[in-house]
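Please read each answer with the structure in view.

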Amino acid sequence: MVSRAICVFWVLTTLLIAQNPQSSDSEQANPAAAPPESTPIVSCPAGSPLGAVDLQVRSPAKGQAPLPFRTINHLSEGDTLVYSAINRGNQKRQGEVALVIVPTRRKQGQPPLLVSDPKPADRTQTWQVKQTIALAALVYGPSGLSKKKVAKFLSQDDLLVAQLADYADKTAQTEALVAALSSSESSSASVNAALNGFASQYGFAVQIDKNAPVTAQAQTLFATMNPQLATYNPIGGGTAERAGQTASLATAAATLFFGNPVGLAAGGTAMLLDLRAIAFPDTQFRSSFAEPISKPESGLNLCGERAATPPHTRVAYIWASRIPNAPTPKIQIGKANYLPAGLKSPLPVDVQDPAWKYLQRAREWTLDDGHGKRASVPLLKLANQKSIELDLSKAKLPSGDYRLAGYWDWVPFQANGEIHIRPVSDFNHAQLTTTSQDQLLAKAGKIPVTLQGSDFEFTTKVEIKKVGDEFATAQALRFVFPDGLREGPQDRMDVQIDTHELEAGQYELLIAQTDGVSHPVNVRVLPNPPKIDNFPIVANRGAEIQHYLLKGERLNGLAKLSAKGATIQLGMPTQNDTELPITVQLDASVPPYTKLPIQAYVPGRTEPLEFPEALEVTGPLPQIVSSKLSLPPDLPVEIRNNEFPAGYTLTSVLDVKNIGTNSMLQLTCADDPNAMMSAHIGEQTAKWSLQQLSQDQLFLSFDTSSLRAGCDLQATLDSGRNGRSQPFSLAHIIRIPQIDAFTLSTQTASANNGIQVFTLNGSNLEMIQKTGWDSLGGVAVPGLPTPAPGGVQKQALFVNLPGPPTAQAPLYVWLRGDSEGRRTTAKCPPLTLVTGPTASGPSNADGAKSVPQTEGLKPQSGPQQQ
């Protein structure tokens, strides 16, 4: 339906163009023969000037001056629309003009659009309004217009009217944006409002930072729209290329308006060139927008695209405007109604629709104090901020309280509420409060400080910059007022300064107001004090002198630490000032389980830094005084002092002090901090048990099967906040071989020399490095053990030994790493004489004699190693 309405409106406007093939061909063949154009009064940011026109509305009431058509709010019965061309010198306006109007209420049988007869463009023309009008469009044909065959198109549905209204809205938004971007006096707020209005009219939701520079705001919008322009170019050499090559922001905005397919994608009709060129190649209808000119006030400079015209094609331009017919606005001034004298400033207002939408059409705005001080003030609507912008730069109004008034067509009205004009501050007496200055520390993060001594109500920006550093750049700061921006005099302001990257030294706070001028306020960033990371420290009551290591940053800056009830002595900090040894000696009067603050004295500060609850006093430290270890009986290998065989259950009685109900015993290897057992008193599992025998004795039972050989088993008591005991050494864990049999082997030593080959059967035989008949002289084992029948872990190990000193001599073994042999329960088996090259072996199927098992070997009562 929308596309059909677009096409119908295009056909309607096309029929206004006078069809003269001969004239068209002449224009195409020789462009210089075309009618001369008016010299532009104001240059167009995009396209070309079509000529300046004066459009006025006359009221039937006597004594009322005509008003500019572009600001009219009501166009009703009896009003007269007056057109005249504005030429310079000997210029002459060629072509014809026509008026297309849309009545507010259609009479029975009346078409949705009323089109006037074409009239010469070089003469003053008038159109009498016979009923209230909602929209009017001026159609200009440089080569003439024709109304032929228009009537049959006027019966189309109301979508045609909607499309024309949409075109008028897009035209108005484009004109507002071009005006804002073209003027060097436009404020950032006014440009932001125009950009947002332009984007929303074309269906783009663009987040534009109103505090950013004008150029950055505009580029944000155009960067959003340009990708779509670049992907749509049905007729070649179109608007996407031109939009990408614009020389200014105003040119970019105007170029987007002409022939831009983005408008079609958004459902609008402001830019119809591409669609019409595709659907109706023999006809062309083009958009135009107007720029106001200073003289006369009702004058407009029409801008349109003058691209090459295809053969047998004529061109007409249309400029449309809504007539809102809205009631006189009722304006309520907002709370932030204090404005800086001599500056542009936004003012929040509350205005109901539809008057708010068309508030820019109000005119002759004035401020009046009611005592003879009255001045005209330019006013601009900031639609996206629900505010208006008052320009006091030329009003020269003194400080005071004023009322805002204006005209809605010929009707005067006044806003509700006062506007207070006050001078901006010079900040000559602004300074940080004493507390704030003392808190402003380097490398301390975000610090809130308070400024005082001036009126800060118009502050818009606060920055900090280092003094004396030519490479320093100002950094923006966050700030808040007691009340709010422009909400009355405010003698203080809170600022947040992030000193994380700031070095100690002299700085300036640069305070800017609405005028954009920065005023310096001197501040000093103090050296950052020492930082202590491991507070609180826990001191045990009863200990004489306790040693601690403080960790943190810049600890060399500590001159003294003090705490009530304690004496703290400082040592020398480490080279990088991140660690500082201290000693603490508690007074006997300090009760346990108290928390004390510590004061840190730093040079250059009048008051010490206080660390609350930095010293925590607890009860005395737990302690393991001694242990009594019980070895398993009948071990096959000798165990030395402080050793315990892995694979057996360790049992021990521990003599302890200062334990509590929450105390826990932890077992670890000395070279591995991971606890292998953490047991509370009274806890029992399948692998361990910890029971209290008396106030100062614990009984420990622990299965050592999971321990590795070489573990120096340590016990530590942990009483939580009461501290941990020093590690206490329980035993050195070794893994011993299990010897099941010691027999004479059937093998022969490679070099006899009286050497006999024996066989050890059992498990963990790989632990044996040497064997012998005493603890001093051992013979190295020739190889590793081999698997043997009787079980998964059963092994056989061949060893070479000389003849034993006695028939029942005990066997000694050297475990790996031993420097002295260990006696075993294995004894020399009966020997068999060796005859010939081979020795007799044990009794077997060959008839060899058996060697009985050593009598000294007995089954072990403890668990065997795995």
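Buried means under 20% relative accessible area, exposed means over 50%, and partly exposed lies in between (1.4 Å probe, protein chains only). The model is predicted, so local features need pLDDT of at least 70 and side-chain atom pairs count only at pLDDT 80 or more, while totals for chains, interfaces and linings use all residues. Residues are numbered from 1 along each chain as its sequence is written, and side-chain values use heavy atoms, with hydrogens and water left out.

Q: Why is Asp671 called exposed?
A: Asp671 has 57% relative accessibility. Exposed requires over 50%, so Asp671 is exposed.

Q: What makes the pair Asp671 and Arg708 a salt bridge?
A: A salt bridge is a side-chain nitrogen of Lys or Arg within 4 Å of a carboxyl oxygen of Asp or Glu. The N to O distance between Asp671 and Arg708 is 2.6 Å, and therefore the pair meets the definition. Asp671 lies in the loop between strand S40 (664–669) and strand S41 (672–680), Arg708 in the loop between strand S43 (697–703) and strand S44 (712–718). Strands are DSSP runs (E, at least two residues), numbered from the N terminus.

Q: Why is Arg708 called partly exposed?
A: Its relative accessible area is 39%. Arg708 is therefore partly exposed, between the limits of 20% and 50%.

Q: Is Arg822 buried or exposed, and how do you know?
A: Arg822 has a relative accessible area of 2%. That value is under 20%, so Arg822 is buried. Glu643, at 12% relative accessibility, is buried as well.

Q: What makes Arg822 and Glu643 a salt bridge?
A: The closest N and O atoms of Arg822 and Glu643 are 2.9 Å apart, and the limit is 4 Å. The pair links strand S53 (residues 822–827) with strand S38 (residues 643–645), 179 residues apart. Salt bridges that share partners join Glu643, Asp818 and Arg822 into one network. The whole structure has 11 salt bridges.

Q: Why is Ser689 called buried?
A: Ser689 has 11% relative accessibility, which is under 20%, so Ser689 counts as buried. Ser689 belongs to strand S42 (residues 688–694).

Q: What makes Leu760 a residue in contact with Ile739?
A: Contact means heavy atoms within 4.5 Å. Leaving aside neighbours within four places in sequence, the residues that Leu760 contacts include Ile739, Phe742 and Leu811.

Definitions and conventions: Helices (H or I, at least four residues) and strands (E, at least two) are DSSP runs, numbered from the N terminus.
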